[in-house]
Amino acid sequence: MTRVSSVSMLFKRGLARRAPLVLCAFLAAACDNDAAKNGTREPAGGEAVYALHTVVFDPDFNATSYVSISETLDVSEADLHTAREFPGWATIATVGGRLLVADESEPRVTSYEITPARQWHELAALSFANYGIADAGFGRQWFLDEHTAYVELDVTGRVVWDPTELTISEAVEDSTLELKRGNLELEPGLDRQPRLRRGPVMRPFYYAEKTDWLEYAPTSQIAVYDPTTHHESRVLDAPCPGLHIGTQDEDGNTYFGLWDALPKLALFGEGPAPCVARVNADGTLDESWTPDLTSWTDGRFVMVFRYVKSGRALANVLHQEELNADFTAGYDPSVGEELDTGEHYRVWLFDLENETAKPVEGLPNTSWGFHAADIDGRSFIFLPYADWGRTRVYEVDMQTGRATERFDTTGWVYDWVRVR
C-alpha cells in the first residue's frame, strides 16, 4: 500500500478518531479585556505571539508533533529546528495567552507560558486518568469559555474542567442518546479546530456502521448543554449525515458540516448525500435554512464547510467527473479507494447571501480534507501534498476568491493561531 493510501485509511477508518490528536486543533485565545474580566493573569510581554502546529510522519507512519512560535504571520516555513517537539500526536489549545498541550501517552493537559524570548515555561499539568479517560486530546474537548471546558466521557458524558486554573469540577453523564440503532453505532463528532464561540456548547453525534465506515444514518443529532448545570438540555435532529463541529458567523449561527469521505455511497445513489445544517444563536435548529449547495456547484458534493466571515465560507467540493466511473452501476470499491487516496477535491468560495459558489483561484486539487485558520482578519488554508509529507499554506482573499501561496513546509500543517 502506498504512503498516501495508508495515511488516508488511518483517518477514514476510525483509527484517528481514537487518537489524542484526532487532527490537530487549536483554541483561539480571547482578547485581553475578556481575560482581565475573567480574572486570568496578564500574558507575559506585549508583542503578538503565533503558534503553528505541524505533524511529521516517519516511513512507518509514526507521528511527531512540532509547535513553532513566531511574532508575525509573514513566515517562510515552519522552522522545525527551533520548534518544540512532542512525541506522537499532541494536540494544542490556547486560553488567556497560555498554550495548552494534550499528551498522547496519557490523558493529561499541560499549560505553558511563552516568554517574550519565545521560551517555553511550564506552569502546571492536569490528568484525567482517574475518570477512566484514555483520550483527552482537544479534538474530543468542547470549550464553553476560558473557565469551562468538557472532555468526552464514555461517548455521551463529559468531565467539566477549568482550562485556566487546570482544575476538574465534576463528571456529568446524562444523555438521551442511544448508543446503537440497529447495526449503526453512535459516533461523536469531533471539534477538530475548537474555538471559543458564543452560546452553549453543542456537540454533534451521528450513527454509522463502524466496520468499513460506508453506511451512515441520514440524520445527525446535536446535543445542546446548559451552560450553568452542564446537563443535556435538548437534542436537535439535523437532516444531514455524519456531522462534525462547524463554524460560527457574526450573528452567532453555527454551521455544521461533514469531514469524513461520506459521498461514496451517495455518489451511487445508495446512501444519504452530504449537506450542511445551521443552528440558530439560541440553540435551535434553523429549519428555514436548507439550501441545496449542490445546485451552486453544478451537482457536486460539498465537504468540510467552514464559515469564515462577511457571509462567505470555504468548502471542499468533490469533482466526481474526474473519477471516470459509472455511478449508475452500483457501488464500486475501487472508486471508493480512489476517493480515499486521490486528489479529486477543490476548495470553493461560497457566497451565502447571493447563493453562489466558485472554485478558489490559484489552488491545486486536494484530498478529502483540509484545515484552515482565520487570524487577525487574514484567512489561510493548508493543503497537504499527496504523500502527506509537506504542506502548502495559502492566504485566501475572501472577497475576490483568489489564493496566494505563502510558504511550503515539511510536515502536515494542522492549524495556526494567535496565542496572545
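How many helices and strands does the secondary structure of the chain come to? The count is four helices and 28 strands. Please keep in mind that this is a predicted model. Welcome to a short tour, which starts with the whole chain and then visits some aromatic rings and one aspartate.

**The chain as a whole**

- The chain has 420 residues, and 59% of them are buried.
- Its accessible surface amounts to about 16300 Å², with carbon and sulfur atoms accounting for 45% of that area.
- If you take the contacts between residues at least 6 apart in sequence, 58% of them join residues at least 24 apart.

- Averaged over the chain, the pLDDT is 87, and 89% of the residues reach 70 or more.
- Strand β23 (residues 356–359) has the highest confidence, at 98, while helix α2 (residues 32–37) has the lowest, at a mean of 34.
- Residues 1–45 have a pLDDT below 50, and in the model this stretch makes 148 contacts beyond near neighbours in sequence.

**Aromatic pairs**

- Searching the whole structure turns up 22 aromatic pairs.
- One of them joins tyrosine 150 and tyrosine 225: the ring centres are 5.8 Å apart and the planes stand at 90°, so this pair is edge-to-face.
- Tyrosine 150 belongs to strand β9 (residues 148–153) and tyrosine 225 to strand β15 (residues 216–225), so their pairing ties together parts that are 75 residues apart in sequence.
- Both tyrosine 150 and tyrosine 225 are buried.
- Tyrosine 255 and tryptophan 289 also make an edge-to-face pair, at 5.3 Å from centre to centre and with 80° between the planes.
- Since tyrosine 255 lies in strand β18 (residues 254–258) and tryptophan 289 in the loop between β19 (277–279) and β20 (302–309), this pair ties together parts that are 34 residues apart in sequence.
- Are these two residues buried or exposed? Tyrosine 255 is buried, as its relative accessible area is 2%, and tryptophan 289 counts as buried at 14% relative accessibility.
- Tyr255 and Trp289 also belong to one aromatic cluster, together with Trp296, Phe305, Tyr307 and Phe350.

**Charges over rings**

- Arginine 306 lies over the face of phenylalanine 370, and the distance to the ring centre is 5.2 Å.
- Arginine 392 has its charged end over the ring of tyrosine 385, at 3.9 Å from the centre of that ring.

**A closer look at aspartate 408**

- You can find aspartate 408 in strand β27 (residues 402–410).
- With a relative accessibility of 21%, aspartate 408 counts as partly exposed, because the cut-off for buried is under 20%.
- Which residues does aspartate 408 touch, leaving aside its neighbours within four places in sequence? Its contacts are Ser76, Glu77, Tyr385, Arg390, Thr391 and Arg392.
- Two of these partners deserve a second look. The side chain of aspartate 408 makes a polar contact of 2.4 Å with the side chain of tyrosine 385, and another polar contact, at 2.7 Å, links it to the side chain of arginine 390.
- From aspartate 408 to proline 384, the C-alpha to C-alpha distance is 9.5 Å, and the two are 24 residues apart in sequence.

Definitions and conventions:
Residues are numbered from 1 along each chain as its sequence is written. Side-chain values use heavy atoms; hydrogens and water are left out. Helices (H or I, at least four residues) and strands (E, at least two) are DSSP runs, numbered from the N terminus. Buried means under 20% relative accessible area, exposed over 50%, partly exposed in between (1.4 Å probe, protein chains only). Contact means heavy atoms within 4.5 Å. Accessible areas come from the Shrake-Rupley method with a 1.4 Å probe; for residues, only the protein chains shown count as cover. pLDDT is the predictor's confidence in each residue, from 0 to 100. Rings of Phe, Tyr and Trp (its six-membered ring) pair if their centres lie within 6.5 Å; planes under 30 degrees apart count as stacked, over 60 as edge-to-face and the rest as tilted. A charge sits over a ring if NZ of Lys or CZ of Arg is within 6 Å of the ring centre and within 35 degrees of the ring normal. A polar contact is a pair of N or O atoms within 3.5 Å; within protein, one must be able to donate a hydrogen and the other to accept it, and residues adjacent in sequence count only if both atoms are side-chain atoms.
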